[in-house]
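Please examine the sequence and the three-dimensional view below.

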Amino acid sequence: LAQKYDPQKEVELRTWIESVTGQQIGPDFQKGLKDGVILCELMNKLQPNSVRKINRSAQNWHQLENLSNFIKAMASYGMNPVDLFEANDLFESGNLTQVQVSLLALAGMAKTKGLQSGVDIGVKYSEKQQRNFDEAKMKAGQCVIGLQMGTNKCASQSGMTAYGTRRHLYDPKNQILPPMDHSTISLQMGTNKCASQVGMTAPGTRRHIYDAKMGTEKCDNSSMSLQMGSNQGANQSGQVFGLGRQIYDPKYCPQGSQGEVANAAGDVGGDPPGYHYYREEE
């Protein structure tokens, strides 16, 4: 912040304040404005009775009160809050750059309000230009297309085909001739020359894919690919359709006596095949 302080602006502010107030600041700019007396006199010149009480005592709290009254007067004069400084920025030299910015903004506000001084300092604020239009003028403006949205002047539909019609794109530089009719297919869309359906099966027919390099030969449609599994070596031995199936495991089923086993073995021929049971003793 100290590097942004402009000594040339300080000279211009010194000349402007002294010309408006008629008082001398002194060689040190900060010490001359520290007590706030000259600044309060400046505000009373710009806006009469903006600071009603000016303390000319050497006590610190009186000087800080003068600076606070000056800042409040600048706010009521129309200054932006971002352009104001705090009392300690000038009293303790905390931020002299902000003090310089505030005084330059005050000079610009005074120029905007018509203050005539011998020093041209400060930037004049832009004035608000408010325009009032009647209702008929406002409605007429709704039909005008602004130039920021573009313009439709000199626009036409010459060369445009009907909606839904295929448009042929060609370039005479690339030796692409214009089409004779709308049935011509542009090369940008590809071509169907030399295209045929040789080798294509009927819709819904299974197609056999094979590779000659891998030794896979053609086969009929009834062949089942190995990718689908294989039914070679499959049979229905041991399958019983519609009958109850007995699952027997000798590890868990209890074993009978030798007589029971002999009786069961003698009656095997009279029972249906595949079923064995033990006959109870009398």
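The axis of a helix is a line fitted to its C-alpha atoms over the stretch in contact, and the angle between two axes is taken between their N-to-C directions, from 0 to 180 degrees. The model shown here is predicted. In it, the axes of helix α1 (residues 7-21) and helix α6 (residues 96-112) cross at roughly 50° and come within 11 Å. An angle under 35 degrees would count as roughly parallel, and one of 65 to 115 as roughly perpendicular; α1 and α6 are therefore oblique to each other. The crossing of α1 past α6 is left-handed. On the α1 side, the contact is formed by Lys9, Glu10, Leu13, Trp16 and Ile17, while α6 contributes Gln100, Leu103, Leu104, Leu106, Ala107 and Ala110. Of these contact residues, 8 are nonpolar, 1 is polar and 2 are charged.

Consider next α1 by itself. Its 15 residues reach 21 Å from the first C-alpha to the last, close to the 21 Å expected at 1.5 Å a residue. The buried residues of α1 are Glu10, Leu13, Arg14, Trp16, Ile17, Glu18, Val20 and Thr21. These buried residues pack against α2 (29-34) and α3 (37-46) as well as α6.

Attention now turns to a residue of the partner helix. Leaving aside residues up to four places away in sequence, Ser102 touches Met79, Asp83, Leu84 and Phe85.

Terms used:
Residues numbered from 1 in each chain as written. Predicted model: local features only at pLDDT ≥ 70, side-chain atom pairs only at ≥ 80, totals over all residues. Heavy atoms only, no water. Helix = DSSP H or I, 4+ residues; strand = E, 2+ residues; numbered from the N terminus. Parallel < 35°, antiparallel > 145°, perpendicular 65-115°, else oblique. Left-handed = near helix turned anticlockwise from the far one by under 90°. Contact = heavy atoms within 4.5 Å. Nonpolar A, V, L, I, M, F, W, Y, C, P; charged D, E, K, R; others polar. Expected span 1.5 Å × (residues − 1). Buried < 20%, exposed > 50% of the residue type's maximum accessible area, 1.4 Å probe, protein only.
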